[in-house]
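Trainee: Could you show me how to read a few features of a protein model? I would like to go through them one at a time.

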Amino acid sequence: MLLHCNASCTSTFSLVSSSLRRHDQSEDSQDTVIRRRHNARSLSLFTRHNRDLKQNKNLNESPETFVPPRHDDDRSKLLELSLVTRRTPQFPGSIYAQSAADPDIASSLPSLRKFLGEGESEREMIAKAVEIRRKVTKEIIRESLVRKGRFGITYATNVTDRLGEFVDHVMIEAAALKRLPEYSETRFNIRARTVIEDSNFVPLVRWLKYHEFSYNRIGKIICMSKGNLDSIRIMIEWLKTIHVKGEFIGVAFLRSGDNILQRSREELDEIVEYLESNGVKRDWMGYVVGRCPELLSVSMDEIKSRVDFFLKMGMNQNDFGTMVFDYPKILGFFSFEEMEKKISYLKEFGLSTEDVGRLLAFKPHLMGCSIEERWKPLVKYFYYLGISKEGMKRILVVKPILYCIDLEKTIAPKVRFLQEMGIPNEAIGNMLVKFPSLLTNSLYKKIRPVVIFLLTRAGVSQKNIGKVIAMDPALLGCSIGTKLEPNMRYYVSLGIRIHQLGEMIADFPMLLRYNVDILRPKYSYLRRTMIRPLQDLIEFPRFFSYSLERRIIPRHTIMVENRVNFKLRFMLACTDEEFERRVKDKVERRERFEAGLDSDDSQLLDETISDEEIAFSDSPDE
């Protein structure tokens, strides 16, 4: 092996020596010295460049002669090279080549005065120089983030591109340092790095990134500080003391205004203490400030005026505190003129100032709705459905959120669905007044599934579905799994067939909304104590709507004592006075029949009572 290695080394050395000898011979034979190997393309470019240099030899020998670049891009590049303090890398064939003896790049470049010529003013020259100096400053900031902050190049570039005002601040401060004796002989790069280090810029960026600030917010916040970077850290620590968390710290900075960093901590503490004294709890303060940072930029006098504006409407401190917590923008986002205009519009529905105050305390989001874009189109739509002014007032009081949702996307599709079921507009208007929550239910997750359930599972016919929904729109808000399905199964378990159940629901739609635990004792009393057949219940499903203790048992006891009998409809669907009159008439007829005073067969009182005499004013049990 040793012999083989020696032989290989010897052969390799001989090859290298022979190649060197051939290279030296080729150098002697060529006019131009080539010190390294080139590929075909670079060699042709290098040869062509040397040929051009020989042709322009006389021009290059005169140092005082300078031909300005033809294009503006070349001029800007040359100006930038003149201002750069670091030596730029050169490549073979560079136009502005530097020799090893050049002290800096300026030795091989023409002077700025010759470059600009007589046609450009000193102001333009200064403007170009400042712009180039700004680029150099940005590069220094980016380099500081990469080397000292250990940030990635992409992240450092993204942050630096968003620091326009801070770059100017560093540039101005670095130029001002030249007046000091210890920095009078230093370069601009050293002074700029000194300014960046003294401002603790890199640790601040690291700290902001740790608190989940994006580079967009980092750039905006640093530019807001106007060079006073310590104020950013102080403000963030104060926001944490009032429980502002997460991304809302950045939101509070960007939306609170430019003067947030100039305000003292005593002023901010005074605002927080005043809100806390008027019902806004300390634990809520972070949520309020995070959603409405504009509170931190207004004066204390304006805060007091806004609080008094709502307290004069009849609110107490508890109502005011919960209102601000539910919708923080109501306190610091809208102008007084805008709020007064909206309150005046709400009063046109017939509400007093105290009513409007209670309404805003219940649903403060009304203040964020536009009159022209939200309220007026909705009022016109309600008029189209036949809803009166009193009906609109009831909708506003019962479900004020309807005046905040989108008309075209939320309300109109549901109304069109009801119209497709055959319900007329007036009936739809009455449904909305009776049950405003209908418009807040989801069309595809709540309303349509309930309608499909009534048609396919509950036995309601296509002809009666519109009647059922119009009579009891609250059915559309019931849960199928926890309310409608268990009730339907209970009625079927009693022996009621599906088509019979559909007829019962068409006659009394509330049948599906009762609690099964309330239905069981009533049905047990009907079958075991009253000994009534199931057909009586099918004919009069409203039986389940009357109270067992206050209506059914007392009247059945009276009927047993007087030995009379009525159908369920005539027994329950009347007032107490009417029921006593019927019982008395029935007893007198029976006594005359027993005494033989009536030769004809006694006609039952039940058949003489028409449905028009029956009163359905009793409220059902829930």
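Trainee: Leaving aside its neighbours within four places in sequence, which residues is Thr 160 in contact with?

Mentor: Before we start, keep in mind that this is a predicted model. Once the neighbours within four places in sequence are set aside, Thr 160 is in contact with Lys 138, Ile 141, Arg 142 and Leu 145. Thr 160 itself is found in helix H7, residues 153–160.

Trainee: Is Thr 160 buried or exposed?

Mentor: The cut-off for buried is under 20% relative accessible area. Thr 160 has 3% relative accessibility, so Thr 160 counts as buried.

Trainee: Now helix packing, please. How do the axes of H23 and H25 cross?

Mentor: The axes of helix H23 (residues 407–420) and helix H25 (residues 443–456) come within 12 Å and cross at roughly 10 degrees. Angles under 35 degrees count as roughly parallel, and H23 and H25 are therefore roughly parallel to each other. On the H23 side the contact is made by Pro 413, Lys 414 and Phe 417, and on the H25 side by Leu 443, Ile 447, Arg 448 and Val 451. Sorted by class, this contact of H23 with H25 has five nonpolar, no polar and two charged residues.

Trainee: What about H31 and H33: which residues meet there?

Mentor: From H31, Arg 555, Ile 558 and Met 559 meet Asp 576, Phe 579 and Val 583 in H33. By class, the contact of H31 with H33 has four nonpolar, no polar and two charged residues. The axes of helix H31 (residues 548–561) and helix H33 (residues 576–595) come within 11 Å and cross at roughly 15 degrees. H31 and H33 are therefore roughly parallel to each other, and their crossing is right-handed.

Trainee: Last topic: aromatic rings. How many aromatic pairs does the count come to?

Mentor: A pair of aromatic rings is described by the distance of the centres and the angle of the planes. Here the count comes to 20 aromatic pairs. In one of them, the rings of Tyr 381 and Tyr 384 have centres 6.1 Å apart and planes at 40 degrees, so the pair is tilted. Both Tyr 381 and Tyr 384 lie in helix H21 (residues 371–384), three residues apart, which is about one turn of the helix. Tyr 381 counts as buried, at 16% relative accessibility.

Trainee: And how are Phe 540 and Tyr 546 arranged?

Mentor: Phe 540 and Tyr 546 form a stacked aromatic pair, 6.3 Å centre to centre with 10 degrees between the planes. Phe 540 counts as buried at 3% relative accessibility, and Tyr 546 is buried with a relative accessible area of 4%.

Trainee: Which residues form one aromatic cluster?

Mentor: Look for Tyr 345, Phe 349, Trp 375, Phe 382 and Tyr 403, which form one aromatic cluster.

Terms used:
Residues are numbered from 1 along each chain as its sequence is written. This is a predicted model: local features need pLDDT of at least 70, side-chain atom pairs count only at pLDDT 80 or more; totals for chains, interfaces and linings use all residues. Side-chain values use heavy atoms; hydrogens and water are left out. Axes are lines fitted to C-alpha atoms, for helices over the stretch in contact, and angles run from 0 to 180 degrees between N-to-C directions. Helices (H or I, at least four residues) and strands (E, at least two) are DSSP runs, numbered from the N terminus. Angles under 35 degrees count as roughly parallel, over 145 as roughly antiparallel, 65 to 115 as roughly perpendicular and the rest as oblique. Contact means heavy atoms within 4.5 Å. Ala, Val, Leu, Ile, Met, Phe, Trp, Tyr, Cys and Pro count as nonpolar, Asp, Glu, Lys and Arg as charged, and the others, Gly among them, as polar. A crossing is left-handed if the near helix is turned anticlockwise from the far one by less than a right angle, and right-handed if clockwise. Rings of Phe, Tyr and Trp (its six-membered ring) pair if their centres lie within 6.5 Å; planes under 30 degrees apart count as stacked, over 60 as edge-to-face and the rest as tilted. Buried means under 20% relative accessible area, exposed over 50%, partly exposed in between (1.4 Å probe, protein chains only).
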